[in-house]
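Please examine the sequence and the model shown here before reading on.

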Amino acid sequence: MLNLVHYCDHCGYQLEEEDKEVPIYVLKLPTNEMYFFCNEDCMEDFLKDLTFEGYVYPNGSIDIDD
């Protein structure tokens with residue numbers, strides 16, 4: 001029987017260990033997308049990589065620095 005294997009969505013580290021529970025961090029978006037991380041630092045780095053500073057102008061347009 002094949003076991004389901006999960007990897008950290010930031011660094012690619014395999015989260016499972018044989019015969020041992022492993023703590024993970026899970027980011028679940030309102031769209032029900034889920035991301036798994038091996039530690040809090042990887043989760044924070046993942047968020048930093050996907051976060052951009054921008055501006056909202058009075059006319060409603062948005063300018064994002066990416």
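In which sense do strand β3 and strand β4 pair, and over how many bridges? Strand β3 (residues 53–56) and strand β4 (residues 62–65) pair in the antiparallel sense, over four bridges; pairing requires that DSSP find at least two bridges between two strands. Helices (H or I, at least four residues) and strands (E, at least two) are DSSP runs, numbered from the N terminus. G54 has I64 in β4 as its bridge partner. Five residues lie between β3 and β4 in this hairpin, and G60 in the turn has a positive phi of about 95°.

This is a predicted model, in which local features need pLDDT of at least 70 and side-chain atom pairs count only at pLDDT 80 or more, while totals for chains, interfaces and linings use all residues. Residues are numbered from 1 along each chain as its sequence is written, and side-chain values use heavy atoms, with hydrogens and water left out.

The largest nonpolar core has eight residues: C8, L15, L27, F36, F37, C42, M43 and F46. Such a core is a set of buried Ala, Val, Leu, Ile, Met, Phe, Trp, Tyr and Cys residues joined through side-chain atoms within 4.5 Å. Two or more residues of this core come from each of β2 (34–37) and α1 (40–49), and α1 gives the most, with three.

C42 counts as buried because its relative accessibility is 9% (buried means under 20% relative accessible area, with a 1.4 Å probe and protein chains only). The structure contains zero disulfides, a disulfide being a pair of cysteine sulfur atoms within 2.5 Å. The sulfur of C42 is 3.8 Å from the closest cysteine sulfur, in C38, and therefore too far for a bond.

Methods:
Buried means under 20% relative accessible area, exposed over 50%, partly exposed in between (1.4 Å probe, protein chains only).
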